[in-house]
Amino acid sequence: QVQLVESGGGLVQAGASLRLSCAASGRTFSIYRMGWFRQAPGKEREFVASLTWSGGSTSYADSVKGRFTISRDNAKTTVYLQMNSLKPEDTAVYYCAARRLEVSRYDYWGQGTQVTVSS
């Protein structure tokens, strides 16, 4: 099992920055890829960004390219999402997720952290 705990959400004004953190524990050696997803009220959960656990190869949703950056620490136990130039449409619950190599979906999820951007 892998446990994921997010932190860093909050209420900010448009144009501000926030950094989300996702601390991973447990069988972290089984992780292939880590991702950030978000779900706004009344909308489906959507992909935001991801990176490979070992090499750091990244991927971003078009809506956040150039504004958000996903990264990990050298000990590979925490993944970050640096969010700059935040917009009201970025308001959502942000979830951290982990995917193992042998499965085609993200099968470990954190509890989520709320990000609210006021205009």
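Mentor: Let's start with a definition: a residue is buried under 20% relative accessible area, exposed over 50% and partly exposed in between, using a 1.4 Å probe and protein chains only. By that rule aspartate 62 is exposed, because its relative accessible area is 66%. This is a predicted model, in which local features need pLDDT of at least 70 and side-chain atom pairs count only at pLDDT 80 or more, while totals for chains, interfaces and linings use all residues. Residues are numbered from 1 along each chain as its sequence is written, and side-chain values use heavy atoms, with hydrogens and water left out.

Trainee: With which residue does aspartate 62 form a salt bridge?

Mentor: A salt bridge is a side-chain nitrogen of Lys or Arg within 4 Å of a carboxyl oxygen of Asp or Glu. Here the partner of aspartate 62 is lysine 65, with the closest N and O atoms 3.2 Å apart. The whole structure has six salt bridges.

Trainee: Which parts of the chain does the pair of aspartate 90 and arginine 67 link?

Mentor: Strands (E, at least two residues) are DSSP runs, numbered from the N terminus, as are helices (H or I, at least four). The closest N and O atoms of aspartate 90 and arginine 67 are 2.7 Å apart. This pair links distant parts of the chain, 23 residues apart: aspartate 90 lies in the loop between β8 and β9, and arginine 67 in the loop between β6 (58-60) and β7. Aspartate 90 counts as buried because its relative accessibility is 0%; arginine 67, at 11%, counts as buried too.

Trainee: How should I read a nonpolar core?

Mentor: In soluble globular proteins, nonpolar side chains tend to be buried together. A nonpolar core is a set of buried Ala, Val, Leu, Ile, Met, Phe, Trp, Tyr and Cys residues joined through side-chain atoms within 4.5 Å. The largest one here has 30 residues, and Met83 and Trp36 are among those with the most contacts inside it. Strands supplying at least two residues each include β1 (2-7), β5 (46-52) and β9 (92-100).

Trainee: What is methionine 83 in contact with, leaving aside its neighbours within four places in sequence?

Mentor: Contact means heavy atoms within 4.5 Å. For methionine 83, the list includes Leu18, Leu20, Phe68, Tyr94 and Val115.

Trainee: Is serine 30 buried or exposed?

Mentor: Serine 30 is buried, because its relative accessible area is 17%. This serine sits in the loop between β3 (18-26) and β4 (31-39). Beyond its neighbours within four places in sequence, serine 30 is in contact with Val2, Arg99, Arg100 and Leu101.
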